[in-house]
Amino acid sequence: MAQINVTPLVDVLLVLLIIFMITSPIVTHKATMDLPQLSSKSPLEVVPPIHLGIHPDGEMDWNGTPIRADQLAAQLSIAASRAQQPALQIEAADGVAYDSVARVLAKAKAQGLVRIDMLGTR
């Protein structure tokens with residue numbers, strides 16, 4: 001009388017058990033996320049950014065208009081006091097000392113601007 005060899009059957013069942021033990025927590029895990037809600041409010045206006053260029057000779061321009069260093073703090077204060085703050089895009093030309101850029105960044109932070117972009121050199 002020949003008997004059935006159950007060893008391969010037990011091996012297959014153990015492999016399946018291990019596979020189910022590994023994959024079942026992955027399938028039952030829930031990822032919670034906050035989805036955006038529909039609101040009746042109108043979207044906020046897009047505020048154009050402020051472009052501040054710094055030249056190697058120390059001169060600056062505010063959206064293409066030349067500005068002196070003593071006028072910069074007042075302009076930054078006006079921009080920071082708006083309901084929606086515009087982004088300040090600072091573009092330093094080649095050869096500008098880091099100290100000049102650091103002073104502008106310090107003035108912007110002191111006036112309360114939070115959106116500051118550093119553009120590449122021109």
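Which residue of E2 does Ile54 stand opposite? Ile54 stands opposite Met60 in E2. This is a predicted model. Its open sheet has five strands in the order E3-E2-E1-E4-E5, and the pairing is mixed. Helix H2 packs on that sheet, where H2 touches E1, E2, E3 and E4. The largest nonpolar core has 19 residues.

**Sheet layout**

- The sheet is open and runs E3-E2-E1-E4-E5.
- Its edge strands are E3 (65-67) and E5 (116-119), each pairing on one side only.
- From one strand to the next, the twist averages 30°.
- H2 makes an angle of about 30° with the direction of E2.
- Strands of a sheet pair through backbone hydrogen bonds, in either a parallel or an antiparallel sense.

**Strand E1 and its partners**

- E1 covers residues 50-54 and is mostly covered, with four of its five residues buried.
- E1 pairs with E2 (residues 60-62) in the antiparallel sense, over three bridges.
- Leu52 has Trp62 as its bridge partner in E2.
- Five residues separate E1 and E2, and the two strands form a hairpin.
- Gly58 sits in the turn of this hairpin and has a positive phi of about 95°.
- E1 also pairs with E4, here in the parallel sense and over five bridges.
- His51 has Gln89 as its bridge partner in E4.

- E4 is mostly covered: four of its five residues are buried.
- E4 and E5 run parallel and are joined by four bridges.
- Ile90 has Met118 as its bridge partner in E5.
- Glu91 lies in strand E4.
- Is Glu91 buried or exposed? Glu91 counts as buried because its relative accessibility is 14%, and the cut-off for buried is under 20%.
- The side chain of Glu91 makes a polar contact of 2.7 Å with the side chain of His51.

**Nonpolar core**

- Which residues of the largest nonpolar core touch the most other members? They are Leu52, Ile54, Leu72 and Leu88.
- E1, E2, H2, E4 and H3 each give two or more residues to this core.
- H2 provides the largest share, four residues.

**Gln85 in its loop**

- Gln85 is in the loop between helix H2 (69-80) and strand E4 (88-92).
- What does the side chain of Gln85 reach at 3.3 Å? That atom is the backbone oxygen of Ala80.
- The Gln85 side chain also reaches the backbone nitrogen of Val114, at 3.1 Å.
- Setting aside neighbours within four places in sequence, Gln85 is in contact with Ala79, Ala80, Gly112, Leu113, Val114 and Arg115.

**Salt bridges**

- How many salt bridges does a search of the whole structure find? The search finds two.
- Side chains of opposite charge can pair when their charged atoms come close.
- Asp70 is exposed because its relative accessible area is 55%, and exposed means over 50%.
- The other salt bridge joins Asp99 and Arg103, with the closest N and O atoms 2.2 Å apart.
- Asp99 and Arg103 both lie in helix H3 (residues 98-111).
- Asp99 and Arg103 are four residues apart, about one turn of the helix.
- Asp99 is partly exposed, with a relative accessible area of 42%.

**Ile18 and helix H1**

- Ile18 belongs to helix H1, which spans residues 7-28.
- Ile18 is partly exposed, at a relative accessible area of 49%.
- In sequence, Ile18 and Ser100 are 82 residues apart.
- In space, Ile18 and Ser100 are 63 Å apart, C-alpha to C-alpha.

Definitions and conventions:
Residues are numbered from 1 along each chain as its sequence is written. This is a predicted model: local features need pLDDT of at least 70, side-chain atom pairs count only at pLDDT 80 or more; totals for chains, interfaces and linings use all residues. Side-chain values use heavy atoms; hydrogens and water are left out. A polar contact is a pair of N or O atoms within 3.5 Å; within protein, one must be able to donate a hydrogen and the other to accept it, and residues adjacent in sequence count only if both atoms are side-chain atoms. Contact means heavy atoms within 4.5 Å. A salt bridge is a side-chain nitrogen of Lys or Arg within 4 Å of a carboxyl oxygen of Asp or Glu. Buried means under 20% relative accessible area, exposed over 50%, partly exposed in between (1.4 Å probe, protein chains only). Two strands pair if DSSP finds at least two bridges between them. Axes are lines fitted to C-alpha atoms, for helices over the stretch in contact, and angles run from 0 to 180 degrees between N-to-C directions. A nonpolar core is a set of buried Ala, Val, Leu, Ile, Met, Phe, Trp, Tyr and Cys residues joined through side-chain atoms within 4.5 Å.
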